[in-house]
Amino acid sequence: MRDYLEVAVEAAKLGGDVLKRYYGQKKTIEYKGEIDIVTEVDRRSEKLIVDHLASRFPGHSILAEEGTHKVQQSEFKWVIDPLDGTTNYAHDYPFFGVSVALERDSEVILGVVYHPVFEELFVAEKANGAYLNGRKIGVSKVDRLRQSLLSTGFPYDVEDDSSEALRHFENFIHAAQAVRRDGSAALDLCYLAMGRFDGFWELRLKPWDTAAGALIVTEAGGQVTDFSGNGYSIYQDQIMASNGLIHGQMQKVLDLCHVKSTLEQ
Ligand code: IPD
Ligand code: CA
Ligand code: CA
């Protein structure tokens with residue numbers, strides 16, 4: 001396990017260093033959708049990370065956002081976002097990072113998220129706690145939603161979802177102390193894990209957005225579920241994460257949206 005963690009940290013730093021090197025410079029941008037972009041730096045970062053992992057563990061499967069999908073007869077699979085927060089990156093807004101996670105038999109056992117501008121390295125191993133730059137971290141102790149700072153994000157197809165995501169946002173604005181939308185789900189989860197945020201929710205994230213961050217939250221003592229409070233899988237499209245103390249209160253707000261939309265049909 002030590003070996004896996006060491007190599008995952010090396011890979012995340014290789015990717016992060018590239019993001020930092022080109023940060024603030026003009027980038028070539030390609031459009032995957034109307035507002036969904038990718039830069040050449042996303043691809044460079046992915047190549048470095050994937051090459052490093054594949055050179056150390058040639059038998060492992062790999063799933064990465066910008067196209068690497070290597071399927072092998074292996075119990076191990078690396079799940080990678082080489083640049084989480086691409087829109088921020090393209091606008092020189094310094095909130096983005098690299099996310100590297102390892103699944104064993106479909107369970108995430110290790111997660112690393114690296115924010116290269118602030119040099120913050122978050123790591124967690126299953127049953128071994130969560131750490132920021134080597135120091136153990138834990139979730140906040142806020143137990144009232146009204147005193148909580150939450151974060152969220154919006155899927156790139158937010159226009160097509162009959163404002164479900166916007167309704168959630170509006171209801172949480174009324175129920176919490178404040179809500180942030182910072183543009184990197186992996187970092188949002190890490191900020192929750194170390195107590196800067198008290199809760200997080202989002203719709204239609206991808207496995208590479210949450211694989212490392214969700215483990216970091218649970219290893220920091222937090223809770224991660226779907227919107228109904230059921231166990232979370234990185235392959236499903238709802239995530240609700242919190243310090244555990246406000247989880248039920250967050251669920252009620254999400255239920256409220258569900259009840260309203262059912263009544264409206
Ligand atoms: C995005 C970020 C953002 C979230 C989007 C993701 P990307 O990832 O995590 O916070 O709201 O849904 O797709 O595209 O920057 O890797
Ligand atoms: Ca992402
Ligand atoms: Ca990405």
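Reader: How far does a polar side-chain atom of glutamate 202 lie from an oxygen atom of ligand 1?

Author: A pair of N or O atoms within 3.5 Å is taken as a polar contact. In this predicted model, a polar side-chain atom of glutamate 202 is 2.6 Å from an oxygen atom of ligand 1. Of the accessible area that ligand 1 has on its own, 380 Å², the protein covers 94%.

Reader: Which atoms of glycine 183 and arginine 181 come into this?

Author: For glycine 183, a backbone N or O atom lies 3.3 Å from an oxygen atom of ligand 1. For arginine 181, an N or O atom in the side chain is 3.5 Å from an oxygen atom of the ligand.

Reader: How many residues surround ligand 1, and which are the closest?

Author: A residue belongs here if one of its heavy atoms lies within 4 Å. Ligand 1 is surrounded by 16 residues, and the closest are Asp84, Gly85, Thr86, Tyr156 and Glu202. Sorted by class, the shell holds six charged, five polar and five nonpolar residues. Strand 5 (residues 76–84) gives the largest share, three residues.

Technical notes: Residues are numbered from 1 along each chain as its sequence is written. Chains are lettered from A and ligands numbered from 1 in the order in which they are written. This is a predicted model: local features need pLDDT of at least 70, side-chain atom pairs count only at pLDDT 80 or more; totals for chains, interfaces and linings use all residues. Side-chain values use heavy atoms; hydrogens and water are left out. A polar contact is a pair of N or O atoms within 3.5 Å; within protein, one must be able to donate a hydrogen and the other to accept it, and residues adjacent in sequence count only if both atoms are side-chain atoms. Accessible areas come from the Shrake-Rupley method with a 1.4 Å probe; for residues, only the protein chains shown count as cover. Helices (H or I, at least four residues) and strands (E, at least two) are DSSP runs, numbered from the N terminus. Ala, Val, Leu, Ile, Met, Phe, Trp, Tyr, Cys and Pro count as nonpolar, Asp, Glu, Lys and Arg as charged, and the others, Gly among them, as polar.
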